[in-house]
Structure formats: C-alpha cells, structure tokens
Amino acid sequence: MHSFSRRRFLATAIISALVVACTGNKVEKRVESLSSPTLTKKPTRIVALEWVYAEDLLALGIQPVGVADISSYKQFVNVQPKLADTVVNVGTRQEPSLEAIAKLEPDLILGVELRHEMIYDTLSSIAPTLLFNPYPPPNKFNQLDEMQQTFLAIADAVNRRDAGEGVLQQMRGTFKIAADRLRSADFTGSPFILAHFVPGTPQPRLFTDNAMAVQVLTQIGLENAWQGEIDRFGFNTVGVEALPAVEQANFLYIAEEEDVQWQQFQNNPVWKGLEFIQESRIYPIGADTWVFGGPLSARVLVNNVVAALSNR
C-alpha cells in the first residue's frame with residue numbers, strides 16, 4: 001500500500017460505503033466532492049464549516065477547533081453538548097475565512113458541497129477536506145437517511161463508529177418513545193404543518209415531504225398536511241393566502257416571538273380567521289429548534305413537538 005496510504009484508503013472506504021448506501025436507495029451519487037485525504041492518524045483538530053457537522057462532532061464527543069458562524073449557531077441550534085468557549089469562529093458559512101482556518105492548523109475540514117465546492121482545492125491544501133451534500137435530489141433519496149449516513153461517515157473518519165451507532169440508537173429510541181406518547185394521546189395520524197418564520201422575513205417556510213424535519217415527524221406518527229411543490233431544500237416559502245387550504249391541520253411553528261415580521265403576520269385578517277387559530281391549534285416549538293441538523297437536533301425537534309402537543 002505504498003502509494004495508497006492509510007488515509008487515502010480511509011477516504012476511499014468512506015466513498016465506497018456511501019455509494020453502496022445510496023445504491024440501495026437508487027441514488028447514483030451522493031457525496032459530490034471528496035478529497036483524497038491522507039489521514040495518517042485520527043483527526044483531532046477539526047474545523048466544521050456547516051453547523052450540522054459541528055453538531056455531529058459534538059455528538060461524537062469531539063469539540064471542533066473552529067466553526068463558522070458561531071454566534072448564529074448558538075442562537076439557532078440548541079443541543080447538548082454545547083460548543084466550548086475555546087472554539088474559534090472561522091468566518092461565515094458562505095464565506096469562511098481561509099486565513100483563520102489555516103491558523104488553526106486543522107487535520108480535517110468538514111464542509112458542504114453547496115457552499116464550499118468552489119474553495120475545495122484551497123481547503124484541501126490546508127487540510128484533508130470532506131464535503132457532503134445534505135440535499136440529495138428530491139424524490140430520489142431521503143434526507144433523514146442522508147443525515148444518518150453522513151453522520152456515520154464522519155464517525156468513521158474520526159474512528160468513533162461505535163459511538164456514532166450509539167448516538168443513532170438513542171435518536172431512534174427517542175422516536176419510539178415519542179410515538180408511544182402520541183399514540184396514547186390519540187395524536188397518531190394527526191395532520192400537521194411545520195412552519196419556520198425566519199427572523200426579519202415576511203413569509204414563512206412550510207416544510208414538504210422532502211424535508212428531513214417532516215421525515216422525522218412522520219417517524220413518530222404524524223402526517224404532513226402541506227403537499228407543496230417538492231424543493232431541493234425541503235420547504236416552500238409562502239404567503240398567508242396559502243394557509244386556508246391546510247387550516248384543518250395542527251400548526252407547528254418555529255419563530256422568535258419578538259420578531260416584528262412575525263408579529264405583523266399575526267395581524268393579518270386571513271391569519272386570524274384560520275381554523276387552527278380559531279381553535280387554538282397552533283404550537284410553538286422553540287425558536288432554537290434547528291431542523292437542518294443531525295441526530296441531536298432531531299431529538300430536540302421530536303421532544304419539543306411532543307411537549308407542545310401534550311400541552312394542548
């Protein structure tokens with residue numbers, strides 16, 4: 001294996017595992033970009049340029065040395081363990097600071113194809129770099145499955161496969177407990193809408209069947225009432241006029257209650273007349289419920305939804 005080093009072997013193994021996994025789901029290609037990292041030892045100084053991968057590292061018991069958009073991560077992502085105060089901010093997810101990353105002397109960089117493919121060569125000149133695609137082609141591959149497979153790929157890369165399997169078992173256990181609770185409360189099969197009011201924007205996102213968050217909630221027995229156009233990212237941005245068609249569903253939402261745009265939305269006469277408003281079937285699940293995360297965020301989402309519905 002003189003010209004095919006251990007880290008090259010590991011990278012190839014990851015690719016192979018992912019390709020095999022995807023083949024089972026009739027996906028030809030999932031990891032679009034992957035370096036040929038030469039991991040001569042277990043990575044310990046890892047930079048995460050996307051929040052889900054920072055969360056994945058935390059779930060595996062690893063504090064990254066650098067993360068992009070740390071202040072916003074702390075605002076929107078509410079999982080345990082928390083990022084340590086020593087973790088260095090490395091710019092934004094859209095435009096990470098290559099200088100800040102290089103100063104950290106990482107031995108592995110994790111990023112997302114969508115944002116970091118254009119700087120892949122530069123990143124990989126700093127350290128072995130893995131890019132993933134959390135948004136596989138709609139209707140061809142399940143985002144929830146993708147999240148779990150990427151999580152295990154990262155666990156493999158840091159030599160913590162057993163820990164990764166344990167984290168996923170805990171997540172599935174949370175799903176089962178939640179499903180039992182909803183079944184006992186006669187919520188099984190209940191229709192829902194999941195809306196995300198992004199701070200400072202006038203229109204909510206409604207999540208489609210293609211969204212990981214929806215796929216998580218169907219795991220616990222709920223049924224998505226929003227059958228909008230399938231979108232790569234798993235949501236449609238809509239106006240209030242779209243809501244009467246689904247007003248019989250329970251309205252689960254993520255919003256900062258003090259946000260001016262959200263407050264103005266609630267003053268709309270159409271909104272006030274909706275059936276789920278009239279019948280008090282709207283359920284806040286927390287502004288820091290992150291629906292684009294990993295197994296820890298999935299557990300938070302489920303627990304928050306069950307708690308909200310239980311307080312009906």
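**A tour of the helix contacts**

Select Ala213, Val216 and Leu217 in helix α9, which meet Ala298, Leu301, Val302 and Val305 in helix α13; a contact here means heavy atoms within 4.5 Å. The residues of this contact divide into seven nonpolar, no polar and no charged (Ala, Val, Leu, Ile, Met, Phe, Trp, Tyr, Cys and Pro count as nonpolar, Asp, Glu, Lys and Arg as charged, and the others, Gly among them, as polar).

The model is predicted, with local features needing pLDDT of at least 70 and side-chain atom pairs counting only at pLDDT 80 or more, while totals for chains, interfaces and linings use all residues. Residues are numbered from 1 along each chain as its sequence is written, and side-chain values use heavy atoms, with hydrogens and water left out.

Axes are lines fitted to C-alpha atoms, for helices over the stretch in contact, and angles run from 0 to 180 degrees between N-to-C directions. The crossing of α9 and α13 is right-handed, that is, the near helix is turned clockwise from the far one by less than a right angle.

Next, select α7 (residues 143-157) and α8 (residues 161-184), which pack at about 155° with axes 7 Å apart. These two helices are therefore roughly antiparallel to each other. On the α7 side, the contact is made by Met147, Gln148, Phe151, Leu152, Ala155 and Asp156; on the α8 side, by Arg161, Gly164, Glu165, Val167, Leu168, Met171 and Arg172. Seven of these residues are nonpolar, two polar and four charged. α7 passes α8 in a right-handed crossing.

Buried means under 20% relative accessible area, with a 1.4 Å probe and protein chains only. Among the buried residues of α2 are Trp51, Tyr53, Glu55 and Asp56. After α2, select Gly61, whose phi is positive, near 85°.

Finally, show the whole chain, whose secondary structure comes to 13 helices and eleven strands (DSSP runs, H or I of at least four residues for helices and E of at least two for strands, numbered from the N terminus). Buried residues make up 52% of the 312 residues.

Notes:
Buried means under 20% relative accessible area, exposed over 50%, partly exposed in between (1.4 Å probe, protein chains only). Angles under 35 degrees count as roughly parallel, over 145 as roughly antiparallel, 65 to 115 as roughly perpendicular and the rest as oblique.
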